[in-house]
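Take a moment with the sequence and the model. We will walk through a few places, one at a time.

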Amino acid sequence: MNKILWFAFFCCSIGGILGCSPEKEIRTEIASGWQFRQKDSGEWLPATVPGTVHTDLMANGKIEDPFYRMNELGLQWIDKKDWEYKTVFFVDGNLIEKKNQRLIFKGLDTYADVYLNGEQLGSADNMFRTWVFDIAGKLKAGNNELRVVFASPTRRGLEEMKRYGLRLPADNDQSERGEMGKDRVSVYTRKAPYHYGWDWGPRLVTSGIWRPVQLEAWDGMKVEDVYIKQAEVSGKLAALSANVRVKADDVQNVEVEILNDGKILVAAKEKLKKGENDISVPFDIVNPRLWWSNGLGKQNLYTFTIRVKGDRGIIAEKEVTTGLRSLKLVRKKDQWGESFGFELNGIPVFAKGANVIPNDIFLPRVTPELYEKMIADAANANMNMLRIWGGGIYEDDVFFELCDRYGIMVWHDFMFACAMYPGNEEFLNNVRQEAIDNVVRLRNHPCIALWCGNNENALAWRHGSPGGWGWKQQFTKEQQDTVFKAYYDVFHDLLPRVVDEYMPGCDYWPSSPMAGPEPTQHGLDGTTSGDQHYWGVWHGFRPLESYDEVTTRFCSEYGFQSFPEMSTIQKYALPEDYDIDSDVMKSHQRSYIGNGRILDYMKMYYRVPEDFEQFIYMTHVLQGLSTKMAIEAHRRNMPYCMGSLVWQLNDCWSVASWSTTDYYHKWKTAHYMIRDCFKEVIVAPKWQNDSLLVYAVSDCLRPMNAELSIEVMDFSGKIICMEKSDVEIPANTSTVLAGTKCSSLLCGLTGADVLAVIRLTSEGQVVDEKNMYFEYHKDLNLPKDPGLSIRVQEEGKDKYILVTANELACNVMFALPGGMAFFSDNYIDILPGRTYKIKVKTELSLAEIERQIKYRYLR
Ligand code: BMA
């Protein structure tokens with residue numbers, strides 16, 4: 001039985017609204033005593049809520065870990081069944097007497113019938129919506145039974161597909177793997193698309209109560225929602241209004257006060273009617289402390305209290321936290337076409353970031369601590385923007401609270417990706433409510449920069465012209481019109497209207513990527529306008545140098561795959577699987593070109609090792625190189641290009657993918673490269689014909705005086721030549737600092753034997769340094785044994801390794817057993833004659849580090 005501790009809430013959370021009522025509103029989570037079983041059969045087993053059927057089956061020892069080896073394939077029966085969950089919770093006399101009582105399901109995945117004491121409260125059919133049931137008068141003093149029955153999402157999907165009458169394209173839906181032949185049913189159900197498989201994800205179609213269940217009861221009045229609308233914000237003035245929704249049991253005259261830091265900012269008299277009241281109270285803040293993105297300034301936040309007072313004092317109250325800022329997507333005609341970039345408090349900000357997918361295929365496993373690790377990893381890699389990609393979920397509140405705190409702007413797709421969707425009225429109404437629920441839930445977060453309709457749907461369909469992904473050809477002209485009308489209705493009408501009505505002033509972009517919303521631009525990747533997904537590298541098998549040749553105003557996706565590191569592979573594979581062509585390794589690689597593509601690129605730039613572990617390491621080196629080349633190209637192209645979002649930050653299971661941190665949030669080489677290339681000021685040299693062109697790129701708002709040095713040395717560290725010059729680096733842009741002919745740098749030596757070290761120094765500090773090789777690494781005469789030596793050292797509580805080499809060692813990777821150590825630098829070049837001091841975060845003692853440390857380098 002579920003004994004509930006009743007308590008009143010007087011607290012709130014950042015950006016989100018937890019609400020509080022001095023009238024002792026009761027709010028509690030129904031989290032314990034849950035049981036589950038396959039519907040109408042078998043024994044009831046203990047369950048976890050929030051949770052999923054798969055994780056409950058695993059916890060009860062009924063299935064093996066779906067991530068291990070090929071287990072996923074044997075678990076496809078789960079989504080073909082119906083499942084039921086139940087619990088009993090205790091209600092005391094105090095709650096029974098409250099006039100208002102309701103049950104809130106923050107997430108039901110997906111087709112669910114909800115019963116209280118045997119009576120059906122209603123049905124849910126959208127994983128992304130909040131389901132609220134009025135249960136006044138339906139509770140009993142004492143024990144109450146809550147039961148939720150989930151229908152098979154794939155069976156219901158099939159039914160919906162038949163009802164709609166058109167088989168819509170959904171390329172990433174791995175229906176065959178799900179034993180459903182060509183029946184790609186994902187698009188007919190409002191459920192996370194990636195559950196049905198993706199080119200980095202397993203097919204595990206979950207069911208369950210995936211977000212908390214809450215019981216609320218109150219008397220008199222409740223502040224339901226507060227939206228702090230920011231009409232105009234500058235450093236001088238924030239013109240705001242608190243848009244408050246109050247639910248009142250009776251007609252009443254009240255005073256609504258807005259407070260900050262205990263001070264009343266404004267008070268307004270209101271006459272409330274019975275039921276819902278929408279009140280707008282305007283107020284100003286002079287010289288506000290503005291919210292800034294990571295790198296530009298502080299993440300100042302304001303907590304406002306909204307207090308409703310009657311004759312006898314406070315009746316209801318709610319707190320909300322937000323940040324004051326003006327954040328806009330600016331698209332202005334310019335000499336090249338049309339700009340595409342974000343402006344924060346009047347400052348053009350180059351967006352540095354990544355795309356995120358959900359952190360787990362089983363969503364309730366993602367704890368606040370994991371979210372914090374993820375957002376901190378983004379901030380520590382100097383990112384200021386994350387794009388929540390449209391094939392996943394509208395993330396948890398905590399994700400946005402963290403982005404507010406860490407200064408990460410959020411580009412939020414609505415949950416539609418790489419597919420076409422139905423357009424019948426029922427579907428549209430469902431989507432409308434889903435969009436309202438989520439825009440309202442998230443609109444106080446200062447981090448929200450943009451709402452975007454979908455991921456790649458327009459590109460794939462390419463209305464009005466040939467091309468795209470070849471989808472149109474499967475349909476008659478009439479069917480094509482139906483499919484496109486559905487597209488247009490959702491992304492050019494319904495969603496922008498919701499954003500405009502519920503979060504006015506926030507920008508909306510119909511699809512990513514797109515050249516622009518005009519019919520002539522439809523389905524075109526942006527080059528002189530709009531945003532672009534540049535997949536010439538990887539999908540198009542173009543050389544990494546093409547990052548420099550392609551123009552993009554805002555590169556919202558680009559990426560390169562690698563395997564997870566060995567310690568992660570060991571969790572899903574056995575030594576007998578250690579071959580990229582083994583069934584297990586292939587099953588943890590979902591890209592249609594996957595391993596072959598990695599191999600082909602590796603041959604282009606490096607020598608391909610025979611040894612499996614060295615090969616895994618090499619995939620990291622290669623992904624790192626690709627990421628570095630892309631970011632530098634984008635930043636060099638500033639202000640033509642104003643954004644660079646890597647595909648993809650994270651993983652939802654252990655897999656070879658484009659991620660820069662793996663399922664266990666371990667940093668791959670690429671993540672270190674991102675950190676270094678997204679620094680505020682970088683030196684970004686490139687080869688152009690037979691010259692070395694040195695760029696500096698600065699996000700700093702002030703110009704900087706610096707010294708540029710170009711030092712050419714051989715691999716034993718002997719300096720061949722050296723150039724130095726004083727340079728001025730202008731603010732917030734990219735500049736060419738120097739251009740030098742290769743021949744004059746080489747001084748008669750061959751490119752295979754030397755490297756150039758390009759360094760920017762300012763006020764005695766190294767601002768940035770890059771190594772440039774005159775040939776691809778496969779063609780370098782790298783020393784066979786660079787004579788690496790590692791010492792350990794402790795300073796206070798901090799542990800360090802000190803690394804030296806007799807000759808050059810490239811991309812040196814350090815590792816400790818189990819992969820559980822974090823090195824402040826990794827995969828770096830060790831130049832002879834220098835000592836590299838690297839901080840190691842680990843539980844191991846100095847002696848153990850010294851004994852166990854392993855390293856690899858390019859051979
Ligand atoms: C992008 C994404 C994803 C996909 C990735 C890698 O275009 O939008 O759909 O996983 O490419 O192929």
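In what sense do strands S15 and S16 pair, and over how many bridges? This is a predicted model, in which local features need pLDDT of at least 70 and side-chain atom pairs count only at pLDDT 80 or more, while totals for chains, interfaces and linings use all residues. Residues are numbered from 1 along each chain as its sequence is written, and side-chain values use heavy atoms, with hydrogens and water left out.

Now the answer. S15 and S16 (residues 237-248) pair in the antiparallel sense, over eleven bridges. Strands here are DSSP runs of E with at least two residues, helices are runs of H or I with at least four, and both are numbered from the N terminus. Two strands pair if DSSP finds at least two bridges between them. Three residues sit between S15 and S16, and the two strands form a hairpin. Look at Val 233: its opposite in S16 is Ala 238. Strand S15 covers residues 221-233, and ten of its 13 residues are buried, so S15 is largely enclosed by the rest of the structure. Buried means under 20% relative accessible area, exposed means over 50%, and partly exposed is in between (1.4 Å probe, protein chains only).

Move on to strand S19 (residues 275-286), where you will find Asn 277. Asn 277 counts as buried, at 6% relative accessibility. Its side chain has a polar atom 2.8 Å from the backbone nitrogen of Lys 273. A polar atom of the Asn 277 side chain also lies 3.1 Å from the backbone oxygen of Gly 275.

Next comes helix H13 (residues 612-636), which holds Ala 633. Ala 633 is buried, with a relative accessible area of 3%. Ser 644 is eleven residues from Ala 633 along the chain, and their C-alpha atoms are 9.6 Å apart.

Finally, the ligand. Where does it lie? Domain 1 (26-214) and domain 3 (350-677) both give residues to its shell, so the ligand lies between them. Those bounds come from an automatic or database domain assignment. The residues around the ligand include Trp 198, Asp 199, Cys 418 and Glu 557. The shell divides into seven nonpolar, two polar and three charged residues. A ligand oxygen is 2.3 Å from a side-chain N or O atom of Glu 456. For His 539, the distance from a side-chain N or O atom to a ligand oxygen is 2.9 Å.

Methods: Near = heavy atom within 4 Å. Polar contact = N/O pair within 3.5 Å; in protein donor to acceptor, adjacent residues only side chain to side chain. Nonpolar A, V, L, I, M, F, W, Y, C, P; charged D, E, K, R; others polar.
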